Amino acid sequence: MSGIAILTDSNSGITQAEAEKVGVYVLPMPFYINEEEYLEDISLSQEEFYQKLKDGADIHTSQPSPQNVLDKWDELLKEYEQIVYIPMSSGLSSSFETAKMLSEDYDGKVEVVNNQRISVTMRHAIEDAKNLIAQGKDAKTIREMLEEDKLNSTIYITLDTLYYLKKGGRITPAAAALGTLLKIKPVLQIQGEKLDAFAKARTIAAAKSTMITALKNDIEGRISEGGKYKYVISIAHTQNEEAALVFKDELQELFPDAGEIIINPLSLSVSCHIGPGALAVAASRIRGE
């Protein structure tokens, strides 16, 4: 029997194929589209999701059923001694609370991590977990160390349209109409528990500048603490790869200490609230010894 399995959910943006390649496991998130259930990356691809979103379908997210979670744990425990389970932020879903309750019957074999991450910052946490396993840490220690780092990450997102925020009730129709008229590019932030407004810009260039300044402040402050800790930067997007590639070149020059900046699609659980054309940047502290 092997040591520790790392399990996450598809809110991390990690596909089933990627998971197999890097040696982790991913529970697919259920989406209800016009009341029909789809499983992300199983019966629902990125392309199908965005087409349905553009067609005006009624889309809402859910969480893996308790039975699906238990079945996956039981399957993994036939091969591994322990599981580190990293679901999406407890502030954005009840997945953590459900999993934590279920884990109480597993006598410490399953450690459920509440490190308040989503999308690309979940990927960062998974890399940290892999490194900690390589250092010989047990599942409980890994959970504790990841939770200690829960606020040492940041995400900023600029949107192409206000339509989906209006549709989801996050802004009023009047505010959406005014914002569209003025061609406002809102900048949102995810700091731990929830998606919030951060700033408004009149152009995409101004929005990117706002995100870069905020990112720099977060990195120099709580993430790297003035260069004391290493950090990683990632870019995410919603069907906006060309802009993401340009943004990568800009950020790579501004943040040479970040290493190679990786581009990934933004998690569909976030994408359904903001629509296509969004551009995001994230940074996280790299967990050391």
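Residues 24 or more positions apart supply 75% of the contacts in the protein with a separation of 6 or more, a contact being heavy atoms within 4.5 Å. The structure is a predicted model, in which local features need pLDDT of at least 70, side-chain atom pairs count only at pLDDT 80 or more, and totals for chains, interfaces and linings use all residues. Residues are numbered from 1 along each chain as its sequence is written, and side-chain values use heavy atoms, with hydrogens and water left out.

Eleven helices and 13 strands turn up in the protein; these are DSSP runs numbered from the N terminus, helices being H or I of at least four residues and strands E of at least two. Of the 289 residues, 51% are buried. Buried here means under 20% relative accessible area, exposed means over 50%, and partly exposed is in between (1.4 Å probe, protein chains only).

In α2 (residues 46–54), the buried residues include F49, Y50 and L53. Looking down the axis of α2, the buried residues fall within an arc of 90 degrees, so they line one face of the helix; the arc is that of the directions from the helix axis to the C-beta atoms. As a general point, an α-helix has 3.6 residues a turn, so residues three or four places apart point the same way. Just past the end of α2, G56 takes a positive phi of about 85 degrees.

Helix α3 (residues 66–76) has V69, L70, K72, W73 and L76 buried. These cover an arc of only 160 degrees around the axis, which puts them on the same side of α3. The partners of the buried residues of α3 are β1 (2–9), β2 (25–27), β6 (80–86), α4 and β7.

Now for the helix pairs. α3 and α4 pack at an angle of about 50 degrees, and their axes are 11 Å apart. Axes are lines fitted to C-alpha atoms, for helices over the stretch in contact, and angles run from 0 to 180 degrees between N-to-C directions. That angle makes α3 oblique to α4; under 35 degrees counts as roughly parallel, over 145 as roughly antiparallel, 65 to 115 as roughly perpendicular and the rest as oblique. On the α3 side P66, V69, L70 and W73 take part, and they meet T98, A99, L102 and S103 in α4. The residues of this contact of α3 with α4 split into six nonpolar, two polar and no charged. Ala, Val, Leu, Ile, Met, Phe, Trp, Tyr, Cys and Pro count as nonpolar, Asp, Glu, Lys and Arg as charged, and the others, Gly among them, as polar.

α4 (residues 95–103) also holds K100, which at 34% relative accessibility counts as partly exposed. The C-alpha atoms of K100 and N114 are separated by 9.1 Å, with the two residues 14 apart along the chain.

Helix α5 (residues 120–134) packs on helix α6 (residues 139–148) at an angle of about 140 degrees, the axes being 10 Å apart. That makes α5 oblique to α6, and α5 passes α6 in a right-handed crossing. A125, D128, A129, L132 and I133 of α5 meet I142, M145 and L146 of α6. Sorted by type, the residues of the contact of α5 with α6 come out as seven nonpolar, no polar and one charged.

For α9 (residues 204–223) and α10 (residues 241–254), the packing angle is about 35 degrees and the axes are 12 Å apart. This crossing of α9 and α10 is right-handed too. K208, M211, I212 and L215 of α9 make the contact with V246, F247, E250, L251 and L254 of α10. Seven nonpolar, no polar and two charged residues make up the contact of α9 with α10.

Some loop residues deserve a mention. D41, in the loop between β4 (36–39) and α2, has a positive phi of about 70 degrees although it is not a glycine. D41 is partly exposed, with a relative accessible area of 35%. S119, in the loop between β7 (110–112) and α5, likewise is not a glycine but has a positive phi of about 55 degrees. S119 is buried, with a relative accessible area of 1%.

K150 sits in the loop between α6 and β8 (153–158) and is partly exposed at 29% relative accessible area. Leaving aside residues up to four places away in sequence, K150 touches N114, N115, Q116 and R117. The C-alpha atoms of K150 and S284 are separated by 9.3 Å, although these residues are 134 apart along the chain.

How values were computed
A crossing is left-handed if the near helix is turned anticlockwise from the far one by less than a right angle, and right-handed if clockwise.
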